[in-house]
Amino acid sequence: MLDKGRISSVQLMLVLFMVEMATAFLLVPSIVAQAAGPDSWLSVLGVATAYGLAVALICVALGKRFPFQVFTEYLPEVLGRVPGKLLAAAYTVVFIHLTSVVVGENSIFIHTVFLRETPPLIINLMMVGAAVYGVYLGVEVLARANEMVFPIFILSITILLALVAREIDLDHLRPVLANGPLPVLKGAMVPAAWRGEVFFLLLLYPYLNQKNEALKSAAGTVLMSGVFAATVTAVTIGVFSDLVASRQIYPVLNLARYISVAGILERLELYLIIIWMAGVIIKLAVFYHSCSVMAASTLGLKDYRVTVFPIALATIVISGRLYETDYLKLVEFLSKFWPFYGYTVELLIPGLILLVAVIRKKGGNRVDF
Amino acid sequence: MFRKPRRPKTMEERKQRQIDAKLEAPHPDSQELNIPFGLSLDDNLALFKNLFGNASDLLVREFSFGARQEIRVALVYIDGLSDTNSISEAILKPFVYRSLSDDKSPILPESAYPMIRDWLITFGSVKEAARINEVLDYVLTGCAALFIDGTSQVLIVVVKGWKARDVEEPKAEAFVRGPRDSFNETLRTNTALIRRRIKTPRLRFDTLKIGRMTKTDICVVYIHGLTDPALKDEVISRLKRIDTDGILESGYLEDFIKDNPWTPFSLLDRTERPDKVAGALLEGRVAIVIDTTPFALLVPAVFSEFLQAPEDYYESFDYIRAFRWLGLIIATFLPSVYVALSTYHQEMIPTGLVLSMAAGREGVPFPALVEALSMEISFDFLREAGARMPRSVGQAVGIIGALVLGQASVAAGIVSPIMVVIVSLAAVASFMIPNYSSSHAIRFIRFPFLLLAGAFGLPGIFWGILVLLLHLASLRSFGVPYLYPVAPGVPGEWKDVFFKAPRWMMDFRPSLLRARKIRRQAPGQMPGPPGGSSGEGDDPQIVSTGREKQG
């Protein structure tokens with residue numbers, strides 16, 4: 001194992017929740033609303049959760065077979081040396097790309113909404129710098145810091161939603177299933193890919209100190225984030241209606257603009273940056289940690305920390321080349337390519353690996369849940 | 001006289017020799033002094049005097065006794081460190097009486113030593129030593145050494161007694177309710193103050209000597225069978241690693257035994273209050289008491305502890321703990337949040353307030369960041385000057401500070417009135433943190449946060465908070481995570497973090513200290529009206545049975 005840290009099952013659950021929800025709560029509502037209309041919350045709560053549970057089951061099954069290795073470490077064992085290493089390298093590249101997407105999401109949001117005159121590069125350097133600091137400290141510290149960040153995240157969103165609750169018009173959410181189940185399924189495409197990020201369990205499993213509770217925390221994460229994301233989506237659409245919500249870039253940001261309490265608390269969109277940064281730093285740190293562990297294990301290095309810095313620089317450059325500050329390019333990727341990309345990486349390939357491992361009898365041979 | 005030093009054999013030994021040579025003072029275990037005395041009294045005394053270079057505080061009293069004055073003896077002690085009354089009563093007088101007694105038979109030289117040791121010296125604590133470095137150590141700590149002609153054994157009479165401060169009220173930790181004694185500069189007094197509170201033989205004091213020149217006594221205090229032995233061993237092994245010329249205060253040790261040397265946050269607690277030490281020991285912590293300083297160290301320490309005052313536990317109802325957290329947040333972030341709001345996010349401030357702020361800032365030539373930084377810096381100047389000045393001058397500093405920083409700078413148009421309010425509020429809030437040394441960290445991190453606020457506004461501040469959280473989460477104090485019990489979360493133990501639960505609810509000791517006995521008290525001691533739910537409880541008989549049980 002490259003990182004000596006130990007995390008508890010509760011910590012794992014909270015970390016995975018952060019990975020799934022940190023960016024999703026802001027970006028998903030408008031994308032879902034375009035396809036699923038008033039039933040968006042059903043897509044998020046039902047279909048996406050089911051997909052997330054499937055990913056969680058496969059990941060836990062794989063984790064149980066190889067309890068002390070991360071995904072890329074046992075690929076060569078399952079597939080044979082050359083194909084295994086190749087797939088591991090491919091995964092590393094894919095994850096570097098995914099991390100660049102998160103970096104892009106972050107700099108576009110902060111740059112276009114809050115720090116208009118700060119160059120995106122500076123924003124990236126700060127956020128990535130904080131995340132890389134977290135990676136250097138190790139997964140155990142990340143999990144512990146997340147225990148402080150998680151309540152901030154949840155409390156802030158809850159307060160935000162509670163303060164706009166009086167603006168909700170239930171007619172915006174009715175009628176339920178007016179156009180049949182098809183829009184609900186279509187709407188679930190994008191959020192499902194996000195929920196599949198529970199896949200990071202494969203890279204955190206070795207650090208878990210109570211391995212028999214892995215399924216509980218993974219499933220708990222998927223369910224918790226299902227309820228959470230559905231609430232955010234429902235409130236957004238309840239306030240704006242699906243038509244308006246789907247035409248906004250950040251509908252949740254506009255929710256915050258609706259808040260007015262006793263004439264003192266007004267224009268609280270800055271409040272959102274607390275929620276956003278809290279989540280994104282943790283999410284980025286987990287992504288960078290996974291990338292660097294993958295890279296180090298693929299290359300056969302002893303210390304994963306040496307790979308963090310080049311990977312961080314690479315992601316900043318890649319996100320700059322891919323998106324600059326162009327939200328449309330980003331949202332095009334997120335709504336058109338990311339689902340299929342995500343399904344392949346999160347569900348299909350790990351599923352196949354599990355199948356091969358079962359057939360070739362690799363790893364621990366018990367698959368019980 | 002001295003044996004020739006052995007030739008160093010290994011590389012490490014040679015290196016150690018070189019370091020020793022550069023540190024000048026011989027190591028207490030060095031070969032040079034680790035040799036026995038000779039048989040001749042004159043040689044021994046000459047050697048001893050020579051070691052001290054005829055220092056004026058080394059007193060050597062030579063005399064002889066016996067019916068014919070046939071046994072020569074010399075008493076050596078350091079003036080001011082030994083109790084002269086005890087010396088004359090317990091050492092000198094018996095010799096005179098023996099010489100004047102009716103027993104005129106001569107004392108044989110070989111029987112003189114056991115006779116003096118066994119029944120001539122009328123003092124409780126007598127020890128024997130033969131080696132030069134042992135005797136040196138004893139004499140330097142205030143014992144009297146008795147050299148007897150014809151033997152290489154030296155009798156040590158522990159007649160330590162020097163001028164020490166009385167046990168007084170704690171100077172650095174103010175409070176309203178609670179015991180008023182505090183440690184002083186004498187190790188024995190301090191250990192006695194602890195022993196007086198915890199009357200069990202399982203209270204242990206393991207003593208070490210640290211410092212080549214100061215040879216300071218360091219006492220590691222713990223309760224045997226309650227404190228995690230691994231923790232105690234870790235403390236002792238970290239202390240034993242220290243090799244320096246002197247330990248003058250607990251702070252010297254602190255720097256050597258911290259887990260993370262590069263953090264402004266203090267990873268150990270220190271106190272001059274024996275009740276606080278006793279409380280910590282009962283939780284399963286380890287205390288380090290140091291001779292020559294009234295400040296004892298407590299390990300391990302976690303962040304939330306610095307917002308706990310001993311008085312919290314003496315007052316039964318207390319909402320102040322929550323206020324301290326608020327104070328901590330205000331002390332750290334209020335000035336930077338103000339800078340961020342007034343520079344970048346005016347739209348978030350209510351209209352009426354923003355107008356009055358604008359009116360106040362009219363004519364102020366500097367941006368808010370410069371204004372805030374200059375106020376903060378001058379406030380730190382004031383605080384430092386006030387703490388270091390003699391009390392008579394300190395008042396003048398206070399008056400000048402109030403006038404210059406408050407009124408005059410506003411009148412002169414250098415700062416806006418609201419900035420004065422903000423900075424003073426933050427300053428007052430920073431005084432709410434009960435632990436002085438840990439408030440240094442808060443004082444320090446205000447400045448990076450001000451710069452972040454000036455550069456990036458609120459997002460910058462929040463970025464800083466997250467990095468700070470990462471840093472705090474990475475800290476450990478003797479293996480215990482610094483943010484415990486919040487992260488890693490042990491919700492059952494939050495009853496002493498954000499508020500203080502009543503004593504009868506705190507049945508268990510903190511679990512991360514791995515105390516051997518986790519239960520502190522019998523469960524279900526919630527007090528209530530006697531006799532249960534019905535009104536019959538007013539029956540005086542039931543009250544009295546309750547009392548009998550307690551007794």
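What follows is a description of that interface.

Modeller: This is a predicted model, in which local features need pLDDT of at least 70, side-chain atom pairs count only at pLDDT 80 or more, and totals for chains, interfaces and linings use all residues. Residues are numbered from 1 along each chain as its sequence is written, chains are lettered from A and ligands numbered from 1 in the order in which they are written, and side-chain values use heavy atoms, with hydrogens and water left out.

Start with the contacts, where contact means heavy atoms within 4.5 Å. On one side are 31 residues of chain A, and they are in contact with 25 residues of chain B.

The next value is an area. The size of an interface is often given as the accessible area lost when the parts come together. Buried area is the accessible area (1.4 Å probe) that two parts lose on being put together, summed over both. Between chain A and chain B this comes to about 2,500 Å², and carbon and sulfur atoms give 78% of that area. Within chain A, the residues that lose the most area to chain B are M126(A), R144(A) and L270(A), which together make up 26% of what that side buries.

A salt bridge is a side-chain nitrogen of Lys or Arg within 4 Å of a carboxyl oxygen of Asp or Glu. By this rule one salt bridge crosses between chain A and chain B. The side chains of E140(A) and R476(B) meet in a salt bridge, with an N to O distance of 2.7 Å. A polar contact is a pair of N or O atoms within 3.5 Å; within protein, one must be able to donate a hydrogen and the other to accept it, and residues adjacent in sequence count only if both atoms are side-chain atoms. Five residue pairs are in polar contact between the two chains, both residues being at pLDDT 80 or more.

Finally, consider the side of chain A that touches chain B. Helices (H or I, at least four residues) are DSSP runs, numbered from the N terminus. In chain A, α5 (120-137), α6 (139-164) and α11 (269-299) each supply at least two residues of this side. Of the residues there, α6(A) gives the most, with nine. The residues of this side divide into 22 nonpolar, four polar and five charged. Here Ala, Val, Leu, Ile, Met, Phe, Trp, Tyr, Cys and Pro count as nonpolar, Asp, Glu, Lys and Arg as charged, and the others, Gly among them, as polar.
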